[in-house]
Amino acid sequence: MRATDLYNQLEKDFVTPEMKENWYDYMNGLDEYICDNFKQRSIGLLCDFAEEITKVYTAVFPSDNVLTKVLEDNIQDAMIFLHHPLDWDLSLNPDKAFYEMNPALLAKLKERRIALFNFHYPLDNYGEYGNSKTLAEAMDIKIQKPFAKHCGAFCGVIGITDCKDVYELNIKYSQAVGHETKLYKYGDSTITDNKVAIVAGGGNDAETVNEIIENGINVFITGLSQNHNYSHVSSREAHALERENKINLLGGTHYSSEKFGCIAMCGYFEQLGLESEFINGTPCFEDL
């Protein structure tokens, strides 16, 4: 498939005029590899390395392991579809979360004609492949409506769970992501009206929590749950609101809560006639 045709189809299917981000502000060391499109709005085509695409890889973060896995496949004329254009690792420095991609690996990807494409808010947005929607489905939560609009995207969902209390729900979350998740029990263990709010990734902020309060919900499922102010994300005010308003918080790590959207995107690319493969990443348990 011609690369430009694929890029145009992705833009048509996922991007709205309201969406704009600023990832490029944190990628100055990669300037020679980043295309003008991304420098202008930080959405879509990130590294314009291919003219034809025969296979698409999907991944949450562009870690060295993810980029190396693609190179080890000895493939050419491919694309890496990323949810984030920067890697994430709180274990290296609690005051820094995002890190630039490895320029040596980018140079090798360019030689192989392997493009990089990034959808952050377009994949966070509510829709068939949205991160919070697909996480809800993985936990057997029946979605009622989207919520938490930010930068043109409805980043969260409100839904109904069959779990009898937050302890059972936390077990369900652990089973869905494949590792132990964390419960901050700030309120009653009973789930009010069986309603829960979900915002995958870094959704634990004061604005979102206030919207949860307005909806009369006492359980919030997200990715980043650590009570800490790390780069790009501030959660201490959110924790204070949750404690004050007796809202139970469940965290599943940044990576694990958002992987379901990238997994679902493989089906999107396959419908376009492209072979597709999700590359597993590694959850950062310091997120909890």
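In which helix is Y7 found? The views below, taken from a predicted model, begin with that residue.

View 1. Y7 is found in helix α1, which comprises residues 3-14. With a relative accessible area of 7%, Y7 is buried, because values under 20% count as buried. Apart from its neighbours within four places in sequence, Y7 is in contact with L45, D48, A50, I53, M79, A115 and F117. For E18, the C-alpha atom lies 18 Å from that of Y7, and the two residues are 11 apart in sequence.

**View 2. The six-stranded open sheet.** The strands of this sheet follow the order β7-β8-β10-β11-β14-β9, and their pairing is mixed. Strands β7 (142-150) and β9 (182-184) stand at the edges; each has a single partner strand, so one side of each is left without a neighbour in the sheet. From one strand to the next, the twist averages 25°. Within the sheet, β8 (residues 153-160) and β10 (residues 195-199) pair in the antiparallel sense, with four bridges between them. In this pair, V157 stands opposite I198 of β10.

View 3. Helix α6, formed by residues 131-138, lies across β7, β8, β10 and β11 (219-222). The angle between α6 and β8 is about 20°. Helix α7, formed by residues 166-177, lies across β9, β10, β11 and β14 (248-251). This helix runs at about 15° to β14.

**View 4. Strand β15 and its parallel partner.** Strand β2 (residues 55-59) pairs with β15 in the parallel sense over four bridges. T58 stands opposite F278 in β15.

View 5. Helix α3 (64-72) and strand β4 (87-88) each supply at least two residues of the lining. The largest share, three residues, comes from α3.

**View 6. Two loop residues with positive phi.** Most residues other than glycine have a negative phi. R113 has a phi near 60°, a positive value, and its place is in the loop between α4 (103-111) and β6 (114-118). R113 is partly exposed, with a relative accessible area of 34%. D193 likewise has a positive phi, near 55°. This residue is found in the loop between β9 and β10. Is D193 buried or exposed? At 58% relative accessibility, D193 counts as exposed, because the cut-off for that class is over 50%.

Notes:
Residues numbered from 1 in each chain as written. Predicted model: local features only at pLDDT ≥ 70, side-chain atom pairs only at ≥ 80, totals over all residues. Heavy atoms only, no water. Pairing = 2+ DSSP bridges. Axes fitted to C-alpha atoms, helices over the stretch in contact; angles between N-to-C directions. Contact = heavy atoms within 4.5 Å. Buried < 20%, exposed > 50% of the residue type's maximum accessible area, 1.4 Å probe, protein only.
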